Amino acid sequence: MRKIVTFTIAAILLLSLGTRANAQESSAFTYFSPYSLFGLGVLETDGSENSLAMGGVGIADRNNMIINLHNPAAVTAREEKSFMIDFGLSQKNIYYKDSKASGVNNTFNLHHLAISFPIYKSSAFKIGIKQYSSTGYSFVTNETNDELIATLGDIKYTQDGKGGIYQAFFGGGVTFWKRLSIGVDGQFYFGKTDRYSGVYFTTSSVYRTILRGWKFVPRGFGAK
């Protein structure tokens, strides 16, 4: 019964986080970087606060005080009757500037949530969710070509992007002969990224605004 209750609590927590991950329609950025314009966005550094403090390393860190997000086999390094929760939040104050433009933003987002619980003696399970990649940018530029301005009027160009990809994982591990640990994680990738661009003819009523948009909704499975 205790195992069922534990698993139910973990599932409810993950469901609530999954709902929040898909509801990224608010005006506030959860991430901000001009480099997230490309590809899947900026890939997040994997790991909990323990490994992040060491630059993201931690495959060989076998510690019964943490949940190792790098190595599935390390979940067996724990007390037999202990229930563990590890979560991390990310907050950044960002300022970009070059010779022509500048931008500033404050962001706040979930980095990871992991739950681990024992099954039987030297075996244990873990379940969780973590940020895989993030997208957040907003550019506004004005046309400076005098010939175009004389013909079409003032023109404003915009590019906006927001969203990210999350990775939900579920796995377990077992130790044999007190020396050899084997583990596996199943992974499910999901999320949404919206990208838009626009051309606005701000002083002319002859030309219509040009808008384009893309919605990227990934779904995929993996294993480690």
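Over which residues does pLDDT stay under 50? pLDDT, the predictor's confidence in each residue from 0 to 100, stays under 50 over residues 19-26. The legends below start there.

**Figure 1. Confidence along the predicted chain.** This is a predicted model, in which local features need pLDDT of at least 70 and side-chain atom pairs count only at pLDDT 80 or more, while totals for chains, interfaces and linings use all residues. Residues are numbered from 1 along each chain as its sequence is written, and side-chain values use heavy atoms, with hydrogens and water left out. The protein chain averages a pLDDT of 83. At least 70 is reached by 88% of the residues. For residues 19-26 the model has 17 contacts beyond four places in sequence; a contact means heavy atoms within 4.5 Å. Where pLDDT is low, the predicted coordinates should not be read in detail.

**Figure 2. Secondary structure of the protein chain.** The protein chain has 3 helices and 8 strands. Helices (H or I, at least four residues) and strands (E, at least two) are DSSP runs, numbered from the N terminus. In sequence order the pattern is α-β-α-β-β-β-α-β-β-β-β. Of the 224 residues in the protein chain, 41% are buried. Buried means under 20% relative accessible area, exposed over 50%, and partly exposed in between (1.4 Å probe, protein chains only). Among contacts with a separation of 6 or more, 64% join residues 24 or more positions apart.

**Figure 3. Close-up of the largest pocket.** The volume of the largest pocket is about 480 Å³. Its lining has 15 residues, of which Ala101, Ser102, Gly103, Ser138 and Phe139 are the closest to the pocket centre. Strands S2 (84-97), S3 (102-120) and S4 (123-142) each supply at least two lining residues. S4 gives the largest share, 5 residues. By class, the lining has 7 nonpolar, 5 polar and 3 charged residues. Ala, Val, Leu, Ile, Met, Phe, Trp, Tyr, Cys and Pro count as nonpolar, Asp, Glu, Lys and Arg as charged, and the others, Gly among them, as polar. The search runs on a 1 Å grid over the protein atoms alone: a cavity is a set of points where a 1.4 Å probe fits but cannot get out, a pocket is an open set with protein on both sides within 12 Å along at least five of seven lines, and lining residues have an atom within 4 Å of a point. Grid points are joined across faces, edges and corners, and a volume is the space filled by probe spheres set on the points.

Figure 4. The structure holds 4 cavities of 30 Å³ or more.

**Figure 5. Close-up of the salt bridges.** The count is 3 salt bridges, each a side-chain nitrogen of Lys or Arg within 4 Å of a carboxyl oxygen of Asp or Glu. Asp46 and Lys130 pair at 2.9 Å, N to O. Asp46 sits in the loop between strand S1 (42-43) and helix H2 (49-52), and Lys130 in strand S4, 84 residues apart. Asp46 is partly exposed at 27% relative accessibility; Lys130 is buried at 7%. Lys126 and Asp185 pair at 3.4 Å, N to O. Lys126 is buried at 1%, and Asp185 is buried at 2%. Lys215 and Asp194 pair at 2.9 Å, N to O. Lys215 belongs to strand S7 (residues 210-216) and Asp194 to S6, 21 residues apart. Lys215 is exposed at 51%, whereas Asp194 is buried at 8%.

**Figure 6. Close-up of Ala124.** Ala124 lies in strand S4. Its relative accessibility is 1%, so Ala124 counts as buried. Ala124 and Gly172 are 5.6 Å apart in space, C-alpha to C-alpha, and 48 residues apart in sequence. Beyond four places in sequence, the contacts of Ala124 include Val75, Arg78, Phe117, Gly171 and Gly172.
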